[in-house]
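Here is a short briefing on one protein chain. Please keep the sequence and the 3D view side by side as you read.

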Amino acid sequence: MPNAVILDAESLGPQIDLTAIRQSVSHLEVFGQSTSQQARERLDNADIAIVNKVVLDAETLNQLPSLKLICVLATGLNNIDLETANARGIAVKNVAAYGTASVSQHTLMLMLTLANRLPLYQRDVAAGAWQDSDFFCLQHYPTMQLSDKHLVMVGQGELGSEVARLAEALGMRVTFAARPGNEANDPRPSLDDLLPEADVISLHCPLNDATHHLINAGRLARAKPSLLLINCARGGVIDEHAALSALRDGHIGGLAVDVLPNEPPREGHPLLAALDEPLNLVVTPHNAWITPEARQNIVSLTSENIQQWQANR
């Protein structure tokens, strides 16, 4: 059985059982975090590298003659030099659909939060507006009843389909947009056709050349002023600066993101600064996926990847 090293186990969060992976290898060495330089040292005699966010670039891979398999504890492979891995005969496997229930639940939470103007009402309650009200309730921010509203989805994979199912349970009408960049060959209506009538847009697509700044100033100018925009995909799929300007100017009704272009946002970001403003704005720290069930599922799927790789050697 192969020897394996996990380089950044802490990325999986606390209280995760690694037994399934341990049972798939002869020896498992676990490090909480690793730099790229440390990765070269720690993987020196490893057959399998198990990694989430540590970058394994060409320089690193070329110094690891024993390495035969890279298991990524996520779906995205952008931290791995795939060309070098392929040239060296190193297999690369990721995990997919591990957090469908977790991310779809988070997406619905963001949708409901924006629809009910929770950021604004919570701010007012904290400031004493309810206590000083002439009536028994506050109602100066009109909320949105989601039943019968039109939800436009970009991304019809397993996650997007589950979000659609949950939204339909609320009585929403759901339409999937054509894949960006492939509209001419896709029978579904384009985002541009759907956008003017959308009440909610939820993004569940990869970040690529066709989706970078998919939601931009031009498209936002054609949206309903009540539009709720949700991004649980990748930072950069929306132009965050344009979306914030549209929200401030009342050209859209709410904005919620779980992702930013640079994570963690050590240099700050305009959306984070805007949380101090009276806006229908939610920013969550890329944690839509973090239910214990989803994180444990990553371990199970990684174990399956190792076993399948061994069976096919």
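H286 counts as partly exposed, at 24% relative accessibility. The model is predicted, so local features need pLDDT of at least 70 and side-chain atom pairs count only at pLDDT 80 or more, while totals for chains, interfaces and linings use all residues. Residues are numbered from 1 along each chain as its sequence is written, and side-chain values use heavy atoms, with hydrogens and water left out.

**Backbone angles**

- H286 has a phi near 50 degrees, a positive value in a residue other than glycine.
- H286 sits in the loop between β11 and α12. Helices (H or I, at least four residues) and strands (E, at least two) are DSSP runs, numbered from the N terminus.
- Q15 also has a positive phi, near 55 degrees, and is not a glycine. Its loop runs between β1 (3-6) and α1 (19-22).
- Q15 is exposed, with a relative accessible area of 80%.
- Most residues other than glycine have a negative phi, and most peptide bonds are trans.
- The peptide bond from E263 to P264 is cis, with omega near -5 degrees. P264 belongs to the loop between β10 (254-257) and α11 (270-273).

**The sheet**

- Five strands make an open, parallel sheet in the order β2-β1-β3-β4-β5. Two strands pair if DSSP finds at least two bridges between them.
- The edge strands, β2 (27-30) and β5 (91-93), each pair on one side only.
- From one strand to the next, the twist averages 15 degrees.
- Three bridges join β4 (residues 69-72) to β5. In this pair, C71 stands opposite K93.
- Helix α12 (residues 292-311) packs on the sheet and touches β3 (48-51), β4 and β5. Its direction makes about 160 degrees with that of β4. Axes are lines fitted to C-alpha atoms, for helices over the stretch in contact, and angles run from 0 to 180 degrees between N-to-C directions.

**Cysteines**

- C71 is buried because its relative accessibility is 1%.
- How many disulfides are there? The count is zero, where a disulfide is a pair of cysteine sulfur atoms within 2.5 Å.
- C205 is in no disulfide: the nearest cysteine sulfur, that of C232, is 11 Å away.
- C205 is buried too, at 8% relative accessibility.

**Around S34**

- S34 lies in the loop between β2 and α2 (36-42).
- Is S34 buried or exposed? At 14% relative accessibility, S34 is buried.

**Cores**

- The largest nonpolar core has 45 residues. A nonpolar core is a set of buried Ala, Val, Leu, Ile, Met, Phe, Trp, Tyr and Cys residues joined through side-chain atoms within 4.5 Å.
- Helix α5 (residues 100-115) gives the most to this core, with six residues.
- I230 touches residues including T107, L110 and V200. Contact means heavy atoms within 4.5 Å.
- Another core, of 33 residues, lies apart and includes V154 and L220.

Technical notes:
Buried < 20%, exposed > 50% of the residue type's maximum accessible area, 1.4 Å probe, protein only. Lists of a residue's contacts leave out its neighbours within four places in sequence.
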